[in-house]
Amino acid sequence: MSTLTSPALTGILDSALQSADSAEFRAQDWFTILRQQGWHTFQSLPTPKRDDEKWRFSDTRTLSLAGYAVAPAPSDAEVAKLFVRSQFISRPAGLIVHVDGHCIHKPALAPELTAQGVIFESMTDAIRHHPALLKEYLLKHKAGLGGDKFLALHQAWLRSGYLLHIPKGVVVTQPFVSIHWTLAEGAAVFPHALIIADELAQTTIHDFHLSAQPAARALAISACDIYAGNGAKIHRLAVQGWSSTTQSFQIDNTCGGRDALISSVHAAVGSRRARLENIVRIDGPGADIRLYGISVASGEQEFDQRTLQIHSAGNAKSDLLFKNALLDKSRTIFSGLIKVAPEAQRTDAYQTNRNLLLSPEAEADSLPGLEIEANDVKCSHGATTGQVNPDELFYLRARGIPLAVAQELLAQGFLEEILAKVENDEAAATVREMLRVKFHQI
């Protein structure tokens, strides 16, 4: 048995697959099998080690799954409090809220959206109501960037999250909103987002991963599958604000068809250690996929970002820009690769990582890369790491602005380029406030 799995946790997970928890899905044999396959894969895979290339620079010594368990449902009082705290967007197309993996608020769609066939349901409901759709799209790709063991554990525990399906030609202007809270000490949560936009469909989704208690220890292994059909448009904001003692993993799979547009913004401020993996698959000509990321790391936080842009079709674009602001003894790791297949001629692909060091003890590692097998392409990659411009800092300090405030202003300016990509003003304001609170906690 893998050393990553404690005996206590093994018992919890192993029994869960035969417990009342899985019994509720007994009518969906395919789903029970899916979870069992995940558990067997998790047991068979080795523990990641620092000398593994896909975990290079990551401190694998701190990886531990011991002491976490699925938490019981929250009390009515806690549900009421957290529902009030979940009102980030005033007029969402639909709102779904989970606490410790339990769905406490199901979305109520407008009649016109229901009439057009739009689906926005909890994963539990989707398993019952839309098994064919889930069988076609759910967890169809491996992690591929080193997180296979954790994605397998996610699969074994899959029960929370949502399905968002926008049928052909349907345009939804207001954003859908999903909020996952952790509450109980030692809670283990496994949120899944499955987003499907059929041909010429358009939608926006905001995902918030948050902790109700700032210091409550938790394990969060999340995953997201995004599928954009021909000519579809998907805009996604994913906010990671787990507690300061959470160990989190986010494993995303993004697929774009012919002339599809996908824009994704990741914002991270929480977790003791957080790993983000995102594989982008450009499967159709004319596709345009844009990945943006920001993080503010402090204390001894470690943010580990791994990306892969796979161009299988020609005449397509992908653009990646990740920015990190680091304070104290924090660390960030960025490892990205662009792969262009021989048949993917006239590809435009870009990858940039920029790091702003606000402390002499902070550390940022960057490993951008290219693997190009076509000869008619425009591809570039680059990484920069530097400290605050001393002239800019002096300008602010000379006007009586304290050092911490001056650093915050400069960092906010550094990150604003990506915050401007968030089209919804309320969502962007929420992220800006989270960044402000993060600096004021330092």
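Predicted model: local features only at pLDDT ≥ 70, side-chain atom pairs only at ≥ 80, totals over all residues.
How many nonpolar, polar and charged residues are there in the lining of the second largest cavity?

Residues are numbered from 1 along each chain as its sequence is written, and side-chain values use heavy atoms, with hydrogens and water left out. The pLDDT score is the predictor's confidence in each residue, from 0 to 100. Its average over the chain is 92, and 93% of the residues score at least 70. Residues 1-12 are another story: pLDDT stays under 50 there, and the model gives this stretch 21 contacts beyond four places in sequence (contact means heavy atoms within 4.5 Å).

Now for the sheet. Helices (H or I, at least four residues) and strands (E, at least two) are DSSP runs, numbered from the N terminus, and two strands pair if DSSP finds at least two bridges between them. Ten strands build an open sheet with mixed pairing, in the order E2-E1-E5-E8-E10-E12-E14-E16-E18-E20. Strand E2 (102-105) and strand E20 (377-387) are the edges, each pairing on one side only. On average, neighbouring strands of this sheet are turned by 10° against each other, direction ignored; axes here are lines fitted to C-alpha atoms, for helices over the stretch in contact, and angles run from 0 to 180 degrees between N-to-C directions.

Zooming in, strand E1 (residues 94-99) runs parallel to strand E5 (residues 176-182), with six bridges pairing them. Gly94 has Phe176 of E5 as its bridge partner. Helix H4 (residues 76-84) packs on the sheet and touches E1, E2 and E5, its direction making about 135° with that of E1. Helix H10 (residues 403-419) packs on the sheet too, touching E12, E14, E16 and E18, and its direction makes about 160° with that of E16.

Grid points are joined across faces, edges and corners, and a volume is the space filled by probe spheres set on the points. Five cavities of 30 Å³ or more turn up in the whole structure.

The largest cavity holds about 280 Å³. Its lining has 23 residues, with Gln240, Gln250, His266, Ala268 and Leu276 nearest the centre. Strand E10 (233-241) is among the elements giving two or more residues to this lining, and E10 gives the most, with four.

The second largest cavity holds about 80 Å³. Among its 13 lining residues, Lys142, Leu151, Ile251, Asp252 and Asn253 lie nearest the centre. Here is the answer to the opening question: this lining divides into seven nonpolar, three polar and three charged residues. For these classes, Ala, Val, Leu, Ile, Met, Phe, Trp, Tyr, Cys and Pro count as nonpolar, Asp, Glu, Lys and Arg as charged, and the others, Gly among them, as polar.

Finally, the largest pocket has a volume of about 680 Å³. Helix H11 (425-440) supplies residues to its lining, and with five, H11 gives the most.

How values were computed. 1 Å grid on protein atoms, 1.4 Å probe; cavity = no way out; pocket = protein on both sides within 12 Å on 5 of 7 lines; lining within 4 Å.
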